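Welcome, and thanks for taking a look with me.

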Amino acid sequence: MSLQFKTAETYEEFVGILELQQENHIKNLDSLDQGFVFAEHSVEDLAKMNSFAPHIIAKDGELVVAYILGMTVESRYDISMLIPMFEQFDEIEVNGTPLSAYNYIVVGQVAVAKDYRGMGIFDQCYELYHEVHGKNFDFAITEISERNYRSLAAHYRVGFRELSRYPNEDGEVWIIVAWDW
């Protein structure tokens, strides 16, 4: 196995992200104990988001085996199911300052292929994410379903901390976490 960690650049890499997204989508899983994702993107969504803040991927040969999506406030209305997340961000204060006063990057989604879990790939992807985006943003922020124990534990391990939580209209409880750089 020869893993490469890099920013996403090609149509094929965006397609690889979408294939991994579908493998980890909540609607396609029998069990949620290994983590899951909710949002679905198109190649066009990924390309537009990537133009503002590059996605990070891990590849084994040509196979995308992990990704962390980059998303900025410029994309806040592009993925309809994520608009409530941005609305919650507008309500948050960090150290007494509205979140909107900061320059932050949103972790649009994270996934690691099943056969590549437990190998430190998640942490290595986040190391590159910080290297690529840390000089341009004050911190990274995202929301994780309260039911997604594996993702929460992994995010806390790399340095994310809870800022707040809220239930959406379906009753799903979301935990907003940030990694202060």
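1. Leaving aside neighbours within four places in sequence, which residues is Ile 141 in contact with? Please keep in mind that this is a predicted model. The contacts of Ile 141 in it are Phe 89, Leu 99, Tyr 104, Ile 105, Val 106, Val 107, Phe 160, Leu 163, Ile 176, Val 177 and Ala 178, once residues within four places in sequence are set aside. Ile 141 also belongs to the largest nonpolar core, which has 61 residues. Together with Ile 17, Phe 89 and Tyr 126, Ile 141 touches the most other members of that core.

2. Now step back to the whole chain. There are 5 helices and 9 strands, and from the N terminus on their order is β-α-α-β-β-α-β-β-β-α-β-α-β-β. The C-alpha trace spans about 45 × 35 × 30 Å along its principal axes. How does the radius of gyration fit a compact globule, and what value does the chain have? For 181 residues such a globule would have a radius near 16 Å, and the 15 Å of the chain agrees with that.

3. A few totals go with that picture. Of the 181 residues, 49% are buried. Among contacts with a separation of 6 or more, 64% are between residues 24 or more positions apart. The accessible surface is about 8900 Å², and carbon and sulfur atoms account for 47% of it.

4. Strand S9 deserves a visit of its own. In S9, 6 of the 8 residues are buried, so the strand is mostly covered. S9 runs antiparallel to S7, with 7 bridges joining them, and S9 also pairs with S8 in the antiparallel sense, over 6 bridges. Look for Trp 174 in S9: this residue is the bridge partner of Ser 145, and also the bridge partner of Tyr 166. S8 and S9 form a hairpin with 5 residues between them, and Gly 171 in the turn has a positive phi of about 90 degrees.

5. Stay on S9 for Ala 178. Is Ala 178 buried or exposed? Ala 178 has a relative accessible area of 9% and is buried. Beyond four places in sequence, Ala 178 is in contact with Phe 139, Ala 140, Ile 141, Gly 159, Phe 160, Arg 161 and Leu 163. Gly 118, by contrast, lies 60 residues from Ala 178 in sequence and 23 Å from it in space, C-alpha to C-alpha.

6. Next, Leu 152 in helix H5, residues 149-158. Leu 152 counts as buried, at 7% relative accessibility. Not counting residues up to four places away in sequence, Leu 152 touches Ile 144, Ser 145, Glu 146 and Ile 175. Leu 152 and Ile 175 are 23 residues apart along the chain, with their C-alpha atoms separated by 8.6 Å.

7. Strand S2, residues 56-60, is mostly covered too, with 4 of its 5 residues buried. S2 pairs in the antiparallel sense with strand S1 (residues 3-7) over 5 bridges, and Leu 3 stands opposite Asp 60. Another 5 bridges join S2 to S3, again antiparallel, and here Ala 58 stands opposite Ala 66. S2 and S3 form a hairpin with 2 residues between them; in the turn, Gly 61 has a positive phi of about 65 degrees.

8. Finally, look at Asn 95, in the loop between strand S4 (93-94) and strand S5 (97-98). Asn 95 has a phi near 55 degrees, a positive value in a residue other than glycine. Asn 95 is exposed, with a relative accessible area of 71%.

Conventions: Residues are numbered from 1 along each chain as its sequence is written. This is a predicted model: local features need pLDDT of at least 70, side-chain atom pairs count only at pLDDT 80 or more; totals for chains, interfaces and linings use all residues. Side-chain values use heavy atoms; hydrogens and water are left out. A nonpolar core is a set of buried Ala, Val, Leu, Ile, Met, Phe, Trp, Tyr and Cys residues joined through side-chain atoms within 4.5 Å. Buried means under 20% relative accessible area, exposed over 50%, partly exposed in between (1.4 Å probe, protein chains only). Contact means heavy atoms within 4.5 Å. The radius of gyration is taken over C-alpha atoms; the globule rule is 2.2 Å times the number of residues to the power 0.38. Accessible areas come from the Shrake-Rupley method with a 1.4 Å probe; for residues, only the protein chains shown count as cover. Two strands pair if DSSP finds at least two bridges between them.
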